[in-house]
Amino acid sequence: MKPFTYSRAASLDESRTATTVAGAALLAGGTSLLDLAKCGVTEPEQVVDITRLDGLDTIQASSEGARFGALARMSRVAAHADVLANFPAVAQSLSLAASAQLRNMATLGGNLMQRTRCGYFRDPRAFPNCNKRNPGSGCAALGGVTRNHAVLGTSEACIASYPGDLATVLVAFDAVVHLGERAVPADDFFLLPGDTPDVEHPIQPGEVITAISIPGSAAAKRSTYLKVRDRQSYEFAAASAAVGLELEADGRTIRDLRVALGGVASKPWRSRAVEAELIGKSLTEEAVCAASWRAVDGAVPHGDNAYKIELAPRVVARAILSLGGLA
Amino acid sequence: MTPLDMPMKHGDAGDGASIGQRLSRHDGKLKITGSADYALERQFEHAAYAVLVPATIGAGRVVSVDTAAALAAGAILVLTPEDDLGLAQATTFTGQRPEGAFLPLPHEIRFDGQSVALVVAESLEAATEAARRIKVTYEAAPVTASLVQTPEDAGTVGEQFNVAWGDAQAAYADAPVKIEADYHTPREYHAAMEPHGLIAKWDGDRLTVWQPSQWVHAMARNYSDWFGIPMEDVRVVSPYVGGGFGSKGFNYGWEALVPAAARRLGRPVKLALSRPQNFNLYGGRASTRQTLKLGATKDGMLQSILLTGASETSTYGVWPEQVGAATPLMYGTPNYRGQQRIVQVNTVTPGALRGPGKAPSAFGIESAMDELAYAVGVDPLEIRLRNQPDHDRMSNKPWSTRRLREALTEGAAAFGWDKRPMAPRSMRDGHQLIGWGVATGTFPVIRNYGEAEIRVTAEGRVEVVSGATDIGQGTYTVLAQTAADAFGVPVDEVSVRLGDSSLPGSPVAGGSKLAGVMTGAVHKAATAAREELIGLALTHPDSPFHGIEANTLELKGGRLTPPRADAPNVTVAELLRAIGRDGLTVRRDTLPEDMQSPEERKRAWTTMTTAQGPTVGDYSQHSWCAHFAEVRVDEDFGTVRVSRIVSAFDCGLLYNPKLVESQWQGGIIMGIGMALFEEGLVDARNGRVVNNNLGDYLVPTNADVPEIQVISVGIPDTNASLLGGKGVGEVGIVGVAPAIANAVFHATGKRVRDLPITLEKLI
Amino acid sequence: MVTPHPNHKPPEHGIHLMTDTIKLDINGKAFTLAAEPRVTLLDALREHLGLTGTKKGCDQGQCGACTVHLDGERVLACLTLAAQAEGKAVTTIEGLAGEDGTLHAVQAAFLEHDAFQCGYCTPGQIMSAVACIREGHAGSDAEIREYMSGNLCRCGAYPHIVAAVRQAAEAVR
């Protein structure tokens with residue numbers, strides 16, 4: 001790591017000011033920032049520790065909705081009884097992420113800013129070509145080892161996958177990311193790589209994530225996060241699905257369905273096609289399995305990751321069916 | 001006549017109170033309190049920190065190294081290919097010493113990650129950042145990244161690995177049942193939790209190196225060769241080792257840079273590799289491929305085995321991963337032919353990783369036997385029992401002990417194998433397909449020589465002193481047990497000093513031989529010390545036993561007692577006080593008479609040329625095991641979870657079953673990693689291992705490991721070692737991967753012949 | 001959390017730059033070290049303060065060997081700046097046993113069950129296990145396995161680690 005100064009923001013305004021400073025980076029837990037600084041991906045000159053700001057770690061959840069302060073730690077949210085009761089997929093996505101130690105350190109705001117695990121992105125010395133790091137330099141992952149790269153939402157400039165778990169749930173349930181006054185829908189908070197994979201979020205200098213809110217819904221209350229990976233634990237997803245389900249009073253007809261995919265796309269991937277296909281239909285294994293293929297509409301394999309196109313719909317189907325008591 | 005010259009044997013050998021007991025780890029308290037001082041944790045006032053700069057091309061030449069930015073960022077010394085370090089080539093473990101100068105930073109690049117510079121600074125942070133600022137200009141050359149990029153006939157045949165008896169081709173052609181299949185294993189890594197590295201410190205022309213090491217004596221010789229100083233002036237210290245698994249047995253070239261830098265700077269220099277460098281700067285298990293042809297009768301009796309295999313090595317060193325290491329030993333085929341090719345690719349030279357050769361070899365033959373079982377419709381356990389060989393066909397010698405049949409039957413009973421339906425896909429639990437698989441494994445008994453010192457203190461305590469190392473297998477503990485029994489004191493009266501090349505000689509802690517060798521040496525030294533003490537007790541004029549009518553005494557529980565009850569009964573400390581001695585020191589080795597010269601002793605302690613293979617002597621000697629695995633495969637996702645393992649082992653006498661069981665389980669767990677997760681992913685364009693970290697190179701976590709039951713079916717084998725133990729550390733991994741692969745076949749009906757068995761191979 | 005904007009100059013006020021002196025409370029003792037802000041808690045312990053019981057396995061948050069407690073919660077010292085720990089109670093393996101050397105129940109259980117071999121991951125395993133029990137995540141073998149999965153052990157002591165944590169959890173209960 002390059003030498004940097006370390007300071008603690010005394011107020012939210014100070015942290016906002018810091019974001020306007022060239023070379024400054026906010027430390028909101030540090031599990032990503034220090035990791036990437038050690039890799040040489042980021043080279044902060046000033047590290048501004050915002051973890052001691054008061055009032056940004058609140059956790060509130062009810063059937064009406066949830067609101068999490070940006071500095072709420074992953075482990076606290078995961079264990080919160082009201083979150084478990086009203087947003088089980090949120091709690092599950094957090095519990096299945098990283099390790100107990102990292103969940104104690106990482107904050108929700110920091111988690112949203114987590115960057116890709118693309119091995120080429122993370123290795124600047126060996127692979128200088130990366131459009132995410134150096135716009136216009138090319139993509140070293142193309143033609144390389146791509147087992148964990150994205151099949152959805154990629155571009156010629158970048159095939160990196162978004163690795164996070166929580167954000168997958170957030171986009172499924174129409175969460176909102178609060179940047180102080182400004183509120184951005186979670187789905188819009190993550191940008192497609194397009195020609196500018198270096199720009200990952202619509203966040204502006206002077207803006208800091210302050211909170212995340214999720215509207216309450218029957219689907220959120222009956223939700224699950226299913227994460228499939230090689231190892232049983234402590235690994236990013238090969239494919240994951242955040243799903244919420246609401247049935248009509250008949251107990252069969254799907255009134256509301258939320259589906260988002262993780263581990264397979266360049267951003268947390270809402271699958272509205274699957275939702276549309278199934279809403280209003282009767283919940284049957286046949287219908288769900290058929291509709292789940294829509295989850296990979298437009299998917300493009302790159303070398304080693306073709307399996308994700310096969311896997312993702314199965315994860316979606318299993319998650320829906322398990323919520324419906326059919327799996 | 002001195003007591004030492006007295007020919008008689010005094011009393012009985014040790015009472016055996018300790019060996020074979022389930023004692024807790026002798027060094028355990030230090031390790032659970034954080035006070036065990038691992039080599040890289042030695043603290044120095046003025047140490048400087050070194051960081052290696054890796055090459056970012058897979059082949060070619062270093063044209064120039066620009067150090068300006070590094071120096072500006074705080075580097076106090078940068079060593080580059082332009083530096084003449086004045087080093088000489090070192091003797092290898094084969095005892096050969098190449099001519100000429102040794103260049104740890106050659107201009108020629110043979111693999112990605114090869115060191116191109118060493119940067120030293122006042123702090124670790126400064127050195128790390130300065131190293132990042134080194135700019136290297138290369139001339140790149142085409143890369144052969146890995147074995148999978150090479151054609152079947154690539155490389156050269158390793159003639160020394162040719163094994164043949166009978167007429168395997170003809171027998172195969174005539175066999176009514178034929179199996180032919182290709183098996184592949186990828187590059188695998190040690191991933192010991194403690195990184196490699198060293199601290200070097202010069203005192204005048206004397207060099208001390210603190211370094212995690214499986215073999216301090218060989219490393220001391222290596223440094224003495226490199227730096228042209230007498231071996232007596234080099235000391236390698238390695239009191240505790242945070243895992244080795246074969247990777248810390250020999251020096252690697254980059255290690256020479258640290259003493260070189262320390263000498264230039266006149267201060268201690270410390271280097272600890274980063275985790276990615278622990279994948280790039282020394283070799284793991286080489287990738288292998290093998291084609292197996294089995295010819296058999298319709299009831300599954302083997303008629304012929306044909307093996308053609310290949311493993312990758314580097315372009316500058318030869319490390320054969322012997323895919324035929326287990327194949328000819330497992331079954332009683334009347335006809336056999338095996339051949340192996342060695343293929344050069346742009347990698348760091350591979351090395352020994354737990355169960356070298358045997359592990360990939362067993363994956364081939366034990367998968368193929370399962371395929372044969374299904375081809376002939378014979379239970380996989382039964383076909384193995386039917387084909388057990390009555391002797392070693394390769395050496396034409398009888399087995400010393402081979403209780404593999406017992407391992408198979410007792411393991412099967414504990415597992416409940418008799419309830420196994422033969423048909424694949426016949427057991428399920430919801431979405432999970434359940435399968436049961438069996439496979440066997442072996443590892444040779446390797447014998448060698450050792451040396452140990454026993455120091456009896458004025459307080460009557462016993463200190464065992466040896467240069468052998470403990471990498472977690474339990475050297476401290478079993479040597480304390482051995483000395484306690486042989487000398488006749490309680491084990492908690494024994495302390496053990498290890499891991500220092502200035503201490504008595506030892507072979508490498510590798511190849512599952514150290515316990516057998518060193519218990520022999522310690523037993524000999526402790527017995528001699530005991531005899532010397534008893535001799536003194538009987539002959540010294542000031543001894544309370546002087547003049548009693550006895551020619552022997554019993555030394556037990558730290559007390560000396562004569563045969564007659566009315567005679568005195570004293571502690572060792574009391575005797576020493578009475579005769580005016582402040583202690584006793586006895587050093588013994590197990591070298592034969594004709595190997596006592598200084599040259600021969602150096603050869604024994606610093607090369608592998610004195611090691612004796614499994615068929616030296618009248619017998620063929622090996623450890624054996626049988627693994628029974630249950631897997632649960634998600635039928636939609638292809639994810640495999642191992643839900644139960646029972647393994648039965650024949651490793652002879654167990655010096656300490658508690659520690660042995662830990663090692664067996666550890667081998668099995670590494671085998672789970674080999675079966676399901678572990679694979680160095682190589683970028684075909686530059687040969688870089690891109691998953692060079694513990695987040696992407698997956699080793700099993702706690703949640704990946706089920707209940708594991710281990711069973712000992714061994715009996716003491718005194719051909720293998722003085723006390724009757726055979727090796728335990730390596731054999732545990734051998735056969736695990738095929739047991740799991742066979743279970744996956746049973747669960748799913750899919751035969752996966754290339755490891756690891758990742759989900760995309762099953763969906 | 002943000003991409004710095006290149007056109008802005010450092011502010012003249014508002015940011016409190018820290019000195020290179022870091023004050024730490026480790027195992028109940030006060031330490032002052034002169035170290036750059038980029039020094040991690042792990043390197044501060046091992047390279048500056050001689051507290052080498054906390055291990056460096058990967059330095060990337062991928063192995064758990066550097067697990068320590070910060071205000072009683074388990075964290076990774078390799079991804080924590082030493083400066084971040086100022087004003088918080090740091091507990092390392094050296095501070096776990098009683099002043100008289102009495103082993104913590106988890107340490108005693110690790111010894112009894114042979115829950116380690118090389119010992120290098122062990123301090124992290126033990127610190128993690130103490131927290132795992134305190135968090136209430138040691139209710140079953142399956143839960144212990146999951147909540148101890150952030151601590152890799154290459155020697156493969158996992159079954160014995162589970163047994164040790166189970167026993168210590170019962171002893172604490």
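Chain A folds into 13 helices and 12 strands, where helices (H or I, at least four residues) and strands (E, at least two) are DSSP runs numbered from the N terminus. This is a predicted model, in which local features need pLDDT of at least 70 and side-chain atom pairs count only at pLDDT 80 or more, while totals for chains, interfaces and linings use all residues. Residues are numbered from 1 along each chain as its sequence is written, with chains lettered from A and ligands numbered from 1 in the order in which they are written.

With a radius of gyration (taken over C-alpha atoms) of 19 Å, chain A sits close to the 20 Å that the globule rule gives for 327 residues, so chain A is as compact as a globular protein of that length. That rule is 2.2 Å times the number of residues to the power 0.38. Buried residues, those with 20 or more other C-beta atoms (placed from the backbone) within 10 Å of their own, make up 64% of chain A.

Now for the core. A nonpolar core is a set of buried Ala, Val, Leu, Ile, Met, Phe, Trp, Tyr and Cys residues joined through C-beta atoms within 7 Å. The largest one has 421 residues, and those with the most contacts inside it include A:Val316, B:Ile740 and C:Val165. Helix α13 of chain B (residues 514-539) gives the most to this core, with 14 residues.

Chains B and C also meet: the contact (C-beta atoms within 7 Å, placed from the backbone) takes 45 residues from chain B and 47 from chain C. On the chain B side, α16(B) gives the most, with seven residues.

Key. Two residues are in contact if their C-beta atoms, placed from the backbone, lie within 7 Å. A residue is buried if 20 or more other C-beta atoms lie within 10 Å of its own, exposed if 12 or fewer, and partly exposed in between; C-beta atoms are placed from the backbone.
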